[in-house]
Amino acid sequence: MSQDTSPTPDFSVFGGGLAGPLMALYLEQAGKTVNIFELRKDPRPSKDEGGRSINLALSHRGIHALKEVGVLDKVLETAIPMRGRMMHGVDGSLTFQPYGTEPDHVLYSVSRSGLNRLLLQEAGKRDNINLLFERKCLWLDLAERQGHFEIPGEAEPVTLPVGSVIGADGAFSKVRAAIRRRERFNYQQDYLTYGYKELTMPPDADGGFK
């Protein structure tokens, strides 16, 4: 086990998905230094739309958060407004249900991976945010405020200072696993009874749908 001598950040955010860089941007605005640890490779140079292709629907809360960290205008450049949903009756009838009562009551459809890249790009521009990709967390020592990581090119795990820890690393969270080993922590996990399936419904020759 080798020891890294990097300065200890105020916060370490585990997970570079949508929540991680958004949280880091909030912390940076509050004057904190932040490390983001992410298992994946840096997705910023890629245009790969891997994973779920279905777009996110941004509502008021998401719009408010993106505005507060200064990225909303860039997000809206490629966002598609959605004014309601189409209900399909069993008899083939169609009923449009608007999302609100005013013209500006809309949701915005945005690319998940595109939004992720944008948030990481904005985080990467901030002097007090350090993006650390391809860092596989093996375990966390919360008492010592250290993380033990598997890093490409290193023959053995590397110990890095983490400061205060925020978990945004998903279902198999290393942060949650570390907290579970401490006293006075209740935890319950329920699994969904259904899966996820994407269907493609291409338009007909006239561009419509039957």
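Reply: Let us begin with pairing: two strands pair if DSSP finds at least two bridges between them. The model shown here is predicted.

Me: How many bridges join β10 to β11, and do the strands run parallel or antiparallel?

Reply: Strands β10 (residues 136-141) and β11 (residues 146-150) run antiparallel and are joined by 5 bridges. Within this pair, W139 has H148 of β11 as its bridge partner. The two strands form a hairpin with 4 residues between them, and in the turn R145 has a positive phi of about 55 degrees.

Me: Turning to helices, why do residues three or four places apart point the same way?

Reply: An α-helix has 3.6 residues a turn, so residues at that spacing point the same way. In α2 (residues 60-68), the buried residues are I63, A65 and L66. Viewed down the axis of α2, they fall within an arc of 165 degrees and therefore line one face of the helix. H60, R61 and K67, on the other side of α2, are exposed.

Me: What do the buried residues of α2 pack against?

Reply: Their packing partners are the helices α1 (19-29), α3 (72-76) and α4 (112-125), together with the strands β4 (56-58) and β8 (107-110).

Me: Which residue just after α2 takes a positive phi?

Reply: That residue is G70, with a phi of about 85 degrees.

Terms used:
Residues numbered from 1 in each chain as written. Predicted model: local features only at pLDDT ≥ 70, side-chain atom pairs only at ≥ 80, totals over all residues. Heavy atoms only, no water. Buried < 20%, exposed > 50% of the residue type's maximum accessible area, 1.4 Å probe, protein only. Arc of directions from axis to C-beta. Contact = heavy atoms within 4.5 Å.
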